[in-house]
Amino acid sequence: QLDIVGSFLTCFYTFSLFFYLKFLDNNKLKYIVLSGIAAGFSLLTNYGAALLFPTIFLHYMYNLCKQHDFTYSTFLRICFIFVSSATIIFAIFPVWSFFVGSPTFINSVTHNYSKPQSSKKFYNNFKTICHLLIKKRLL
């Protein structure tokens with residue numbers, strides 16, 4: 001069995017990075033436009049191509065730090081801020097799913113669409129957390 005989606009994703013992902021690097025060398029508008037078109041096609045192929053944007057962003061920040069003679073620790077701080085903010089943003093979904101009791105996030109991660117889980121009420125989850133915090137004397 002051939003993986004056609006993966007080959008298209010690899011092709012468009014590579015084209016997008018290639019045209020981005022050509023844009024950095026030549027600074028012509030056509031290369032950044034071609035990079036954007038290739039990135040759009042890669043996103044249409046598979047949502048895993050969303051990793052293209054953090055890759056390009058970190059490379060852009062690295063070049064910016066090199067041009068302005070920033071230290072390596074400044075680049076690491078920028079990377080830490082970027083990674084921690086992305087982690088905080090994407091951590092909202094499992095926490096929201098836990099409090100609301102919606103099995104949507106859990107089912108989408110485990111690919112368990114055939115057996116829906118029973119949904120819990122918000123106040124039951126909140127009550128349980130409060131009891132645990134009171135028991136540990138944190139609240």
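Predicted model: local features only at pLDDT ≥ 70, side-chain atom pairs only at ≥ 80, totals over all residues.
Residues are numbered from 1 along each chain as its sequence is written, and side-chain values use heavy atoms, with hydrogens and water left out.

**Overall architecture**

- The protein has six helices and zero strands, where helices (H or I, at least four residues) and strands (E, at least two) are DSSP runs numbered from the N terminus.
- Followed along the sequence, the pattern of the protein reads α-α-α-α-α-α.
- Of the 139 residues in the protein, 17% are buried, a class that means under 20% relative accessible area, as against exposed at over 50% and partly exposed in between (1.4 Å probe, protein chains only).
- The accessible surface of the protein comes to about 11000 Å², and carbon and sulfur atoms account for 70% of that surface; the areas come from the Shrake-Rupley method with a 1.4 Å probe.
- Where contacts in the protein join residues at least 6 apart in sequence, 44% of them link residues at least 24 apart, contact meaning heavy atoms within 4.5 Å.

**Cysteines**

- The structure holds zero disulfides.
- Cys 79 counts as buried, at 15% relative accessibility, whereas Cys 11 is partly exposed, with a relative accessible area of 32%.

- About 150 Å³ of space lies in the largest pocket, the volume being the space filled by probe spheres set on grid points that are joined across faces, edges and corners.
- On a 1 Å grid over the protein atoms alone, a pocket is an open set of points where a 1.4 Å probe fits, with protein on both sides within 12 Å along at least five of seven lines, and lining residues have an atom within 4 Å of a point.
- The lining of the largest pocket is made up of Ala 50, Leu 51, Pro 54, Phe 82, Ala 86 and Phe 90, and by class it divides into six nonpolar, no polar and no charged residues; Ala, Leu, Pro and Phe are among the residues that count as nonpolar.
- Helix H4 (residues 72-100) gives the most to this lining, with three residues.
- Phe 82, one of the lining residues, is found in helix H4 and is partly exposed, with a relative accessible area of 25%.
- Leaving out residues up to four places away in sequence, Phe 82 touches Pro 54, Phe 57 and Leu 58; the C-alpha atoms of Phe 82 and Phe 57, which are 25 residues apart along the chain, are separated by 9.4 Å.

- Ser 42 is found in helix H2 (residues 29-45) and is buried, with a relative accessible area of 0%.
- Apart from its neighbours within four places in sequence, Ser 35 is in contact with Ser 16, Phe 19 and Tyr 20.

- Asn 27 is in the loop between helix H1 (4-26) and H2, and it is exposed, with a relative accessible area of 60%.
- The phi of Asn 27 is near 60°, a positive value in a residue other than glycine. Most residues other than glycine have a negative phi.

Definitions and conventions
Disulfide = S-S within 2.5 Å.
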